[in-house]
Structures are given as structure tokens and as C-alpha cells.
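Here is a short briefing on a predicted model. Please look over the sequence and structure, then read the points by topic.

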Amino acid sequence: LTVLAKAGAIDGLRGKGGGYRLNREAKNYSVGEILRLVEGTLAPVSCLDCTPNKCERAASCRTLPTWEKLNTLICNYLYSVSLADLIDSSLIGDYQI
């Protein structure tokens, strides 16, 4: 939570009853944004951590296109899911929050 607060994604509340709270609506937070702040990267392989790719073998790497496509799929999906989606009862079935 500290990482999210330092990044301005949530607010820290001091004092009795303090804690953390969202500073925007749940629909305005993507799972991808949160994971990137907490984890630092969503890339499935380290050579995709930076742009441009600094791997000396990138030009001849036969698997790089596969990793790039997987990275795109992961990011597109995680950035399309919001916190509101996670608490939507139609997505979580009978589980009660």
C-alpha cells in the first residue's frame, strides 16, 4: 500500500481510524496499473523491461516475437480490467464481499 500511496494512486489517512482509501472511483483503476506500480513490470521476460530492447541478441532471437505478443496480450487484458470489474458480482459469482 505504501508504494501505491507514494505513487498517488491511493491516499493514506493518519490517526485513529486511519488507513488507506481510493482517491478515484474504482472504475478508474486498472489492474494493470496497480500491478505495474507494485511489481515494476508486467513483462514475461526481462529483455522486454525497457524500450528500446537493449538485449544484444534481440535482432537474432527467434523467440522474441512470441514474448512480445504475449506481453501485448497480458498488458491489454490487465489494463482492460478495473477494480470495479473485480467487485462486480457477475464476475465473482456467489462470493460475497
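Asn71 is in contact with Leu42, Ala43, Pro44 and Leu48, leaving aside its neighbours within four places in sequence. Asn71 sits in helix 3, which covers residues 64-80. The model is predicted.

**Asn71 and Thr72**

- Asn71 has 17% relative accessibility. Buried means under 20%, so Asn71 counts as buried.
- Thr72 also lies in helix 3.
- Thr72 has a relative accessible area of 43%. That value falls between the 20% and 50% cut-offs, so Thr72 is partly exposed.
- Thr72 and Gly12 are 60 residues apart along the chain, and their C-alpha atoms are separated by 33 Å.

**Helix 2 against helix 3**

- How are two packed helices described? The angle between their axes and the distance between the axes describe them.
- Helix 2 spans residues 31-39. The axes of helix 2 and helix 3 come within 5 Å and cross at roughly 115°.
- Angles of 65 to 115 degrees count as roughly perpendicular, so helix 2 is roughly perpendicular to helix 3.
- On the helix 2 side, the contact is made by Val31, Gly32, Glu33, Leu35 and Arg36.
- On the helix 3 side, Cys75, Leu78 and Tyr79 make the contact.
- By class, this contact of helix 2 with helix 3 has five nonpolar, one polar and two charged residues.

**Strands 1 and 2**

- Strand 1 (residues 10-13) pairs with strand 2 (residues 19-22). The pairing is antiparallel and runs over four bridges.
- Leu13 stands opposite Gly19 in strand 2.
- The two strands form a hairpin, with five residues between them.
- Gly15, in the turn, has a positive phi of about 85°.

**Cysteines**

- How many disulfides does a search of the whole structure find? It finds zero.
- Cys61 is in no disulfide. Its nearest cysteine sulfur is that of Cys47, 6.3 Å away.
- Cys61 is partly exposed, with a relative accessible area of 31%.
- Cys75 is in no disulfide either. For Cys75, the nearest cysteine sulfur is again that of Cys47, at 14 Å.
- Is Cys75 buried or exposed? At 15% relative accessibility, Cys75 counts as buried.

Note on methods
Residues are numbered from 1 along each chain as its sequence is written. This is a predicted model: local features need pLDDT of at least 70, side-chain atom pairs count only at pLDDT 80 or more; totals for chains, interfaces and linings use all residues. Side-chain values use heavy atoms; hydrogens and water are left out. Buried means under 20% relative accessible area, exposed over 50%, partly exposed in between (1.4 Å probe, protein chains only). Contact means heavy atoms within 4.5 Å. Axes are lines fitted to C-alpha atoms, for helices over the stretch in contact, and angles run from 0 to 180 degrees between N-to-C directions. Angles under 35 degrees count as roughly parallel, over 145 as roughly antiparallel, 65 to 115 as roughly perpendicular and the rest as oblique. Ala, Val, Leu, Ile, Met, Phe, Trp, Tyr, Cys and Pro count as nonpolar, Asp, Glu, Lys and Arg as charged, and the others, Gly among them, as polar. Two strands pair if DSSP finds at least two bridges between them. A disulfide is a pair of cysteine sulfur atoms within 2.5 Å.
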